Amino acid sequence: MIPRIHKRGKRTIGLLYYLYGPGTHEEHTDPHLVASWDNNAPDPGRDETATLQQLQQLLDQPVENIDAAERPKKHVWHLSVRNAAEDRILTDEEWGDVARRMVAAAGIDDPEEGAGCRWAAVRHADDHIHIIATLVREDGYKPDLDCDADRVQDEARLLEAELGLRRLNKGDGTAAKRPTSAERHKAERQGRERTPREELRETVRRAVAGAESETEFFDRLAAAGLLVQKRVAPSGDLLGYKVALPDDRNKDGEPVFYPGSRLAPDLSLPRIRERWSGTGTATDRNPEEPSHLTTAPTSAPSAARRRAATAVWQAVLVIDHGDDAQVAAHIAAAGEILDALAKTSAAHTRTQLREAAFAFERATRSHIRAERGHDQALRRAARDLVYSGPALGRGEDGATTAMLIDMVFFLVTAAAHWHAKKEHAQQAAAARQAAEHLRTAYQAAASMPLGVLYQHGRRLSHPLRQRHVAHLRQAVPELAEQILAEPGWYALAATLADAESAGHDPTALLAEAAGRRELDTAESVSDVLVWRLRRMADLPADVSTPTGNGTAHTASEGRRTPSRPTRPSRSTGGPAAGNTR
């Protein structure tokens, strides 16, 4: 149940005409009253003898009874209350009770004192009602409406439980503005999947991912095809910006512009500047990396994904053990990684990655202010992803995409746990939703590379495989039997053989990979370890790269095998199988 208090108005009759009219898009059906201040107000919708003017005059009567100088400048209060699409349809009696509870919670009416404001609740659709009230009480006093929005939200949470409706999480004021009903209807008419506000928010977020200057940011907006207006002070300083879609026009044929701050609180120009203000100051910088990227990186997509996986893994450790301001910065930067990954991934993973980024956007903000600078490793990784270009869905590009999604899944899951501990209900729910999309994306990305490793592991000689069983039992004795029972064990065995051939100690490497973060709740521990080991040992993520004669070679076998092995009959695990702590 979503209550929304609209801007106050001056004309009671104007709002009544809208509530009882056909609606902007002919969406209003059977407008009628379900409740009113005295349960006896005229209903122009169901009573042929009643008129809108009569209802307006009764609502405005207490306002007209006081001196003009004492009247509120805007005396019309408007609240809409909407249920979720999957909720059952409430009866008129139930909606009437909802209306009475809402006006009492807001402070509009006080049934115990009997001296509230006059109000009426109109229903013109199955899923919502509108409440109109005039802000002078029967005794001439004006109601105390401080925190009325918080109070109706609290009442909505109680009503959801009592009426068996979808339970929503309480907000904290940091969410992006929702599209209005008019915006949603316009998008439906135009056949858009999302409203222009949502499309613009997504495009601006992608433009800022890894950007390091205003010039670069605005160049990206232009390259994405957006119309951009800059707000410049008389001094020449840039104060802000607005963006519009070229094909989103108002009734006069003019582009509909949205300021960045109206798209999301962290997309205002001052907040965007904070992202790159800490470049080069973070204490988590790798000393081997340049202090500042003055030019766009040009690495291959697979190399960018491998480096991003390392940065993401380090961020997971920060979220587990860092202070709140640093954690908030890393979670915000994780959103940039998701935006960049969705922008540059192949078609078979792009939709789910885009949905993951769209959902996780809500998790990137809370009342805990991010301490920028500590997040620069992630921001550089996002920048690297953007400039490395689109990745293929196969070969090393596809395999490193699976590796990165696996790591991002851990990061998003860690963010969900952190938000839950801080009682950030909406943010925790958004992170969990993003994780579900990442599961699906991982399944699509990991199927082929893990299938190849599975076949290689099956082809290992029995003595070699038994040696790696011994390594496994020595490194992780508490998880060994679980891993050996998983279909992903063969991929892990092939990876251990590759690591050993590359000069690593399999037992030590496996112990290090397993010890960096708990694994006992992962349904597919073997898949998680495969990607950790291949990243830590700098092994190719894909082992099916053809040689000159059309075959593939892997050190785990010491011989040549067909370059496209059959996938295992059972599905792979990783995030798709779940790692829920």
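Here are legends for a few close-up views of this predicted model.

Residues are numbered from 1 along each chain as its sequence is written, and side-chain values use heavy atoms, with hydrogens and water left out. Since the model is predicted, local features need pLDDT of at least 70 and side-chain atom pairs count only at pLDDT 80 or more, while totals for chains, interfaces and linings use all residues.

**View 1. The whole chain.** You'll find 20 helices and ten strands here; these are DSSP runs (helices are H or I, at least four residues; strands are E, at least two), numbered from the N terminus. Of the 581 residues, 54% count as buried, meaning under 20% relative accessible area with a 1.4 Å probe, protein chains only (exposed is over 50%, partly exposed in between).

**View 2. How confident is the predictor in the chain?** The average pLDDT (the predictor's confidence in each residue, from 0 to 100) is 86, and 87% of the residues score at least 70. Over residues 279–295, though, pLDDT is below 50. It also stays under 50 over residues 546–574. Where pLDDT is low, the predicted coordinates should not be read in detail.

**View 3. The largest nonpolar core.** A nonpolar core is a set of buried Ala, Val, Leu, Ile, Met, Phe, Trp, Tyr and Cys residues joined through side-chain atoms within 4.5 Å. The largest one has 90 residues, and those with the most contacts inside it include Phe360, Trp489, Leu492 and Trp531. Helix H14 (residues 395–421) gives the most to this core, with 15 residues. Apart from it lies another core of 42 residues, among them Leu15, Leu16, Val76 and Ala156.

**View 4. Around Trp531.** Leaving out residues up to four places away in sequence, Trp531 touches Ala399, Met403, Tyr442, Pro449 and Ala541, among others. Contact here means heavy atoms within 4.5 Å.

**View 5. Helix H18.** This helix covers residues 489–501, and its 13 residues should span 18 Å at 1.5 Å a residue; its end C-alpha atoms are 18 Å apart, which agrees. The expected span is 1.5 Å times one less than the number of residues. Eleven of the 13 residues of H18 are buried, so the helix is largely enclosed by the rest of the structure. Trp489, Leu492 and Asp498 are among the buried ones. After H18 comes Gly503, whose phi is positive, near 100°.

**View 6. Strands S2 and S4.** S2 (residues 32–36) has five of its five residues buried, so it is largely enclosed by the rest of the structure. S2 pairs with S4 (residues 117–123) in the antiparallel sense over four bridges; pairing needs at least two bridges found by DSSP. Leu33 has Val122 in S4 as its bridge partner.
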